[in-house]
Amino acid sequence: MNVQNKVGAGEDVTHVDVVIVGAGISGIGSAYHLQDQCPGKTYAILEMKDTFGGTWDTHKYPGVRSDSDLYTFGYRFKPWVGTPIASAEEILKYMGEVIDENGIGEHIFYGHRIAGCSFSRQTNLWTVEATRLSDGVTVTFTCNFLWMCQGYYDHEKPYIPDWASLQDYEGQFVHAQLWDPETDYTGKRVLVIGSGATAATVVPAFAEKAAHVTMLQRSPTYFFCSENKNELADRLREVGIDEPTIHRVVRQQVMHDQNVLTQRCIEEPDTVFEELKELVRQFTGKPDFEFEPHFTPKYRPWQQRLAFCPEGDVFKAAVEGKLTVKTDTIDRFTKKGVLTSSGEEIEADLIVAATGFRLSVMGDIPFSVDGAAVNWNDTVTYRGMMFTGVPNMAWVFGYFRASWTLRVDMMGDFVCQLLNHMDELGVHRVEVALRPEDDGMQLLPWIETDNFNPGYLMRGLDQMPMRGNKPEWRHNQDYWLERVDFPGIDLDGAEFVYDGQSGAKAKGRAKEEVG
């Protein structure tokens, strides 16, 4: 790796053009795009864990799998050749191949926990302080651009509601995010608290070996039942089409179908729900499957992700008597389990909380610019990836309704184009700023609660940057709109400020210097 090591004030400083934070699905994809589109740039990936994978290394609970199809969750530059819904093991194997095939591994600094990031407009550099976990030594990196790819939730501290009586429970309690793969649940009564994507994954897995599984939910979730295969991909392989072409075509098909379904969820939610229920009936073979009250959500289908249910496995477990679903809230924990608000005691040998994430904005890393601490809630987001008052930085924040990685690829294009444009202009600093026409623009929370409202986002909304009411100043969570808008972003627009000058002025100055 071609980096510069500088010695000053008694410590080694490693300098690179770009520091990428995180070696998960976002960081590895971003590194690929940087190598491919900015081949002259040096970079380092700082990763807290001792391996790559991010989410797919953190979660080790039974049955852990993707809840997005891998034709769109996989990168656009590397064909996915497995089933649409894949296990964590398969996804890690795929990521490992990307790292090995592209020489990314030599750029990764594992076991580095970042303690702080500070930017100086005098030097136009980020200084990143990190603790090397192997020996506790503080190490320093400097870079021209900081690419935050660490995700959006705390990988060490999941969200557990404030259950004051939890200590009364005498059985085994664990949050799914902290699951130990060595845990034996064979023949045990298992209670899963929650009903989202994690619960939908662990419940059928637990049902295979547990004595019985109970899922206790405050509110039901929408499930999309489907076979774990893509007929178009299988047919194209059958007739001898090459994998890159299959990947490109099937990826396009899946994105089209997702767009149609999303629009239908908004325009005809009741009809969509009836179709989702019919899929449940088909996979369970039960025309009279009872949906009330445990499988009728309170929210509208576009407000949260549809939980993918391959082969209808959750519902099959219920029909086979392996799963009991309860819709209620917890009054308190007892020695043997939980007492619900309706007065029913659910006894369990093992309680697994699938209660969601704790939002972590920028990895909870302290940031400062010119010595002043950054409060992200005081900033305004530019398209959900850059922030007013914070130069030379981008945050990869993907999609909730579509695959996260779709935005990793698009942002890879954007950031690389921005870096190359800065080189063309001969500038060293870029930041986004509200334009004169944005004067008086109403500032609002990160996302509309009637658009998307999962618990982890609602609990931490006051930590997130603000948005405006114009397309440039919000993350609209709409891949199908952004795939059109992103290629047309004008890097010389007035919202981009280069070395203190608006885009158009910076471009004019560059032309004068060349002339």
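Which residues in α7 meet which residues in α8? The legends below take this contact first, in a predicted model.

**View 1. The contact between helices α7 and α8.** From α7, the residues L261, R264, C265, I266 and E267 take part, and they meet P269, T271, V272 and E275 of α8. Sorted by class, this contact of α7 with α8 holds 5 nonpolar, 1 polar and 3 charged residues.

**View 2. The angle between α7 and α8.** Helix α7 covers residues 243–267, and helix α8 covers residues 269–284. The two pack at an angle of about 120°, and their axes are 5 Å apart. Angles of 65 to 115 degrees count as roughly perpendicular and those over 145 as roughly antiparallel, so α7 and α8 are oblique to each other.

**View 3. The length of α7.** Helix α7 has 25 residues, which at 1.5 Å a residue should span 36 Å. The C-alpha atoms at its ends are 36 Å apart, in agreement with that value.

**View 4. The buried residues of α7.** Buried in this helix are I246, H247, V250, R251, V254, M255, Q258, T262 and C265. The cover over the buried residues of α7 includes α3 (70–73), α6 (231–238), α8, α10 (404–425) and α12 (479–485). C265 is one of the buried residues, and C265 is also among the α7 residues that meet α8.

View 5. G54 lies in the loop between β3 (43–46) and α2 (55–58). Its relative accessibility is 12%, so G54 counts as buried, the cut-off being under 20%. Apart from neighbours within four places in sequence, G54 is in contact with A23, G24, K49 and H155. Q463 is 409 residues from G54 along the chain, and the C-alpha atoms of the two are separated by 22 Å.

Methods
Residues are numbered from 1 along each chain as its sequence is written. This is a predicted model: local features need pLDDT of at least 70, side-chain atom pairs count only at pLDDT 80 or more; totals for chains, interfaces and linings use all residues. Side-chain values use heavy atoms; hydrogens and water are left out. Axes are lines fitted to C-alpha atoms, for helices over the stretch in contact, and angles run from 0 to 180 degrees between N-to-C directions. Helices (H or I, at least four residues) and strands (E, at least two) are DSSP runs, numbered from the N terminus. Angles under 35 degrees count as roughly parallel, over 145 as roughly antiparallel, 65 to 115 as roughly perpendicular and the rest as oblique. Contact means heavy atoms within 4.5 Å. Ala, Val, Leu, Ile, Met, Phe, Trp, Tyr, Cys and Pro count as nonpolar, Asp, Glu, Lys and Arg as charged, and the others, Gly among them, as polar. The expected span of a helix is 1.5 Å times one less than its number of residues. Buried means under 20% relative accessible area, exposed over 50%, partly exposed in between (1.4 Å probe, protein chains only).
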